[in-house]
Amino acid sequence: MTEDDVNSPGGRTAGNSEELREHEVRTALLDLLAEVGTVTATEAASRLGYSSGLCSFHLRQLARHGHIEEAPHSGGRARPWRLKQQTHAAGAPMEEQFGDLARGLEDESWQRWLTQRDEAPAEWRQDEAFSAVAYLTPEEMSRVADVIRRAMAPYQDREQRPLARPDDARPVALITRLFPLLPHTADGADQD
């Protein structure tokens, strides 16, 4: 019996054009990848409580059907996987499409937080939302952004390496938007 036999209804051969049947392990793997970004079969097994062989099998199935792909890695036996990167539609530049998508997801996540905050464990019910207006030059704005990136650097590998996370760590949205405030205009004239 082959992998195709296990996953193909009626003995047909599985291929990228056929839909992969829903399966408990595959669903858990997709959820995990959505949460952590990339994961190896061994890391997934540790997080999900399945064997690494079972996780490896289902990761390959998900890849075969176009749901996930191998993530870039520096060689070795570890084989990290990630959700399939979507190609951008013609028209808008990729950076613009990503920015629009990211802002929409940020806003949606924030609204979900506001409506479900009371359901979170007590130690997670606070947030650290703030905003400020500062008068900066373009160079200063870039330096502020750089300071924020450097402050986050010690925590960045936790997305790619789930085993590096403390047990009580949870995904936390960190949203920073630095942009100049443009003057309001009425009938095309600047107002101060």
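H3 and H4 each supply at least two residues of the lining of the second largest pocket. Helices here are DSSP runs of H or I with at least four residues, numbered from the N terminus. The volume of this pocket is about 180 Å³. Its lining consists of Thr40, Ala41, Thr42, Ser56, Leu59, Arg77, Ala78, Arg79 and Trp81. A pocket is an open set of points on a 1 Å grid over the protein atoms alone, with protein on both sides within 12 Å along at least five of seven lines, and lining residues have an atom within 4 Å of a point. Grid points are joined across faces, edges and corners, and the volume is the space filled by probe spheres, of 1.4 Å, set on the points. By class, the lining has four nonpolar, three polar and two charged residues. Ala, Val, Leu, Ile, Met, Phe, Trp, Tyr, Cys and Pro count as nonpolar, Asp, Glu, Lys and Arg as charged, and the others, Gly among them, as polar.

This is a predicted model, in which local features need pLDDT of at least 70, side-chain atom pairs count only at pLDDT 80 or more, and totals for chains, interfaces and linings use all residues. Residues are numbered from 1 along each chain as its sequence is written, and side-chain values use heavy atoms, without hydrogens and water.

The average pLDDT (the predictor's confidence in each residue, from 0 to 100) of the chain is 77, and 76% of the residues score at least 70.

H2 packs against two helices, with axes fitted to C-alpha atoms over the stretch in contact and angles from 0 to 180 degrees between N-to-C directions.

| Helix pair | Angle | Axes |
|---|---|---|
| H2 (residues 24-36) and H3 (residues 41-48) | about 105° | 11 Å apart |
| H2 and H4 | roughly 80° | within 10 Å |

H2 is therefore roughly perpendicular to H3, a term for angles of 65 to 115 degrees. H2 and H4 are also roughly perpendicular to each other. On the H4 side, Val25, Arg26, Leu29, Leu30 and Leu33 of H2 are in contact (heavy atoms within 4.5 Å) with Leu54, Cys55, His58, Leu59, Gln61 and Leu62 of H4. Eight of these residues are nonpolar, two polar and one charged. Ala28, Leu29, Leu32, Glu35 and Val36 in H2 meet Ala44, Arg47 and Leu48 in H3.

Technical notes
Parallel < 35°, antiparallel > 145°, perpendicular 65-115°, else oblique.
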